[in-house]
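Please take a moment to look over the structure shown below, and then follow the explanation with the sequence at hand.

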Amino acid sequence: MKQLDECHEVLADPYRYAERFKAEGRRKIVGTFCSYAPEEIIVAAGAHPLRLFGTGEKIRLAEAHLQSYCCSLVRGALEDALGDRLAFLDGVVFPHTCDSIQRLSDIWRLNITHCFHLDLVLPVKLDTPSARQYLIDVLNRFRVELGAKLGVAITDDNLRTAIALYNRIRGALAQIHQLTGDRPGTLKGSNLYTLRRAAMIMDRTRLATLLEEVVSELEGVPKEEKKPERKRIILSGGVCNHPDIYTVIEEAGGTVVGDDLCTGSRSSGGFIDEKAEPVTAIAERVLERVVCPAKHMGLTDRADHLVRLAREKQAQGVVFFLLKFCDPHAFDYPYLKEALDRVGIASMVIEVEDRLPADGQLRTRFEAFIEMI
Ligand code: SF4
Ligand code: SF4
């Protein structure tokens with residue numbers, strides 16, 4: 001599929017892609033770290049949101065600022081910034097989420113001075129009556145601050161255009177998920193990962209068209225009468241930076257039919273009302289989207305969602321994919337596992353740093369899990 005080749009090219013070197021994109025005079029680049037960054041407002045400001053993951057370089061410079069027990073995402077991004085690999089950035093947005101990102105924000109503000117720095121202090125508790133109004137106020141303030149940093153006025157029309165674009169992107173991603181979930185094997189899991197990851201990096205206007213082209217191609221694939229005998233798996237956790245995980249699961253006899261990942265459905269889920277006041281509508285989506293462990297939305301909201309997702313996708317098992325030293329997800333894991341146990345859905349957990357454990361070791365664990373479910 002030529003659309004996948006295009007995404008692979010982008011992902012081969014996201015920083016070079018962003019540099020080229022900027023040099024062509026297309027947009028200023030604003031780095032983001034988390035799915036709570038309001039990308040719609042960044043796009044409405046005429047800038048390009050680039051999700052930063054770190055390039056996996058050996059940590060040397062960041063060592064002087066961060067403890068070795070910080071997650072590899074935070075350490076890797078700081079290493080890239082200190083190593084001058086992010087010189088093309090015009091600004092960075094730090095949503096108020098986990099402790100590590102909040103501390104990274106402080107360190108960044110003091111040490112990386114070539115680009116602007118904006119904190120976005122989102123509410124932590126999302127289920128209180130005041131949270132909604134507070135969130136709207138914070139986003140309105142962000143709209144003004146970002147506009148000032150970029151030297152533009154962000155109009156309601158700009159916001160509506162960006163919202164419509166993101167609805168197209170999220171709609172196409174949801175359709176791709178639905179189509180591949182209904183017809184396992186139509187698109188390899190690693191290719192699904194490629195599309196999702198590219199969705200956080202590439203030009204969003206081109207992305208929307210590219211994803212819609214993929215939907216058309218997938219719709220044209222005839223539905224097989226007999227589905228391949230594969231165990232249906234949900235991936236749950238934080239940031240998944242490892243396309244190989246999908247391949248190893250498939251080689252062990254499984255197929256990923258849904259996810260609850262920051263780099264997956266949590267960042268692309270939900271639509272924004274195109275008729276409502278735009279900032280309020282963006283806030284409503286944040287309140288309605290699936291919550292992450294760095295936010296609070298009732299005591300069992302995440303577990304309820306995971307159980308619902310597993311049932312809806314007829315999954316036989318859930319694989320918790322945790323980044324080492326990611327406390328928010330590690331704290332959520334026991335109660336999520338308990339909720340799955342209660343309804344008889346099997347689960348396993350793997351913890352990774354910036355690289356996956358040796359191939360054979362992982363495959364043996366997945367094979368054992370898949371045989372058991
Ligand atoms: S777990 Fe929450 S805070 Fe962390 S990256 Fe995901 S969405 Fe952001
Ligand atoms: S949520 Fe976890 S993976 Fe994401 S930045 Fe925080 S500690 Fe790192």
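This is a predicted model: local features need pLDDT of at least 70, side-chain atom pairs count only at pLDDT 80 or more; totals for chains, interfaces and linings use all residues.

To sort the residues around a ligand by class, we count Ala, Val, Leu, Ile, Met, Phe, Trp, Tyr, Cys and Pro as nonpolar, Asp, Glu, Lys and Arg as charged, and the others, Gly among them, as polar.

Which residues surround ligand 2? They are Cys 71, Leu 73, Val 74, Cys 98, Ser 100, Ile 101, Leu 323 and Cys 326, and by class they comprise 7 nonpolar residues, 1 polar residue and no charged ones.

Next come the sheets. In general, the strands of a sheet pair through backbone hydrogen bonds, and this pairing is either parallel or antiparallel. One open sheet in this model is formed by 4 strands in the order β2-β1-β3-β4, and its pairing is parallel. At its edges lie β2 (47–51) and β4 (116–120), each of which pairs on one side only, and neighbouring strands of this sheet are turned against each other by 25 degrees on average, direction ignored. Within it, strand β1 (residues 28–32) runs parallel to β2 and is joined to β2 by 5 bridges; as one point of orientation along this pair, Thr 32 stands opposite Arg 51 in β2.

Another open sheet is also formed by 4 strands, here in the order β6-β5-β7-β8, and the pairing is parallel. Its edge strands are β6 (254–260) and β8, each pairing on one side only, and its neighbouring strands are turned by 30 degrees against each other on average, direction ignored. Strand β7 (residues 317–323) is joined to β8 by 7 bridges, and these two strands run parallel. Along this pair, Val 319 stands opposite Met 348 in β8, and the bridge partner of Phe 320 in β8 is Val 349. Is β8 mostly covered or mostly uncovered? Strand β8 (residues 346–352) is mostly covered, with 5 of its 7 residues buried. Across β5 (231–237), β6 and β7 lies helix α13 (residues 301–312), which runs at about 160 degrees to β5.

We now come to the packing of helices. Two packed helices are described by the angle between their axes together with the distance between the axes. Helix α7 (residues 156–182) packs with helix α12 (residues 278–288) at an angle of about 30 degrees, their axes being 9 Å apart. Because angles under 35 degrees count as roughly parallel, α7 is roughly parallel to α12. On the side of α7 the contact is made by Asp 156, Leu 159, Arg 160, Ile 163 and Arg 170, and on the side of α12 by Pro 278, Val 279, Ile 282 and Arg 285. By class, the residues of this contact are 5 nonpolar and 4 charged, with no polar ones.

Helix α7 also packs with helix α8 (residues 189–198), this time at an angle of about 175 degrees, with the axes 12 Å apart. Since angles over 145 degrees count as roughly antiparallel, α7 is roughly antiparallel to α8. Here Leu 173, Ile 176, His 177 and Thr 180 in α7 meet Leu 192, Leu 195 and Arg 196 in α8, and the contact divides into 4 nonpolar residues, 2 polar and 1 charged.

Two single residues complete the picture. Ser 268 is found in helix α11 (residues 265–268), and it counts as buried because its relative accessibility is 11%, whereas the cut-off for buried is under 20%. Leaving aside residues up to four places away in sequence, Ser 268 touches Arg 170, Leu 173, Arg 196 and Arg 285. The C-alpha atoms of Ser 268 and Leu 173 are separated by 7.3 Å, although these residues are 95 residues apart along the chain.

Methods:
Residues are numbered from 1 along each chain as its sequence is written. Chains are lettered from A and ligands numbered from 1 in the order in which they are written. Side-chain values use heavy atoms; hydrogens and water are left out. Axes are lines fitted to C-alpha atoms, for helices over the stretch in contact, and angles run from 0 to 180 degrees between N-to-C directions. Angles under 35 degrees count as roughly parallel, over 145 as roughly antiparallel, 65 to 115 as roughly perpendicular and the rest as oblique. Contact means heavy atoms within 4.5 Å. A residue is near a molecule or strand if one of its heavy atoms lies within 4 Å of it. Two strands pair if DSSP finds at least two bridges between them. Buried means under 20% relative accessible area, exposed over 50%, partly exposed in between (1.4 Å probe, protein chains only).
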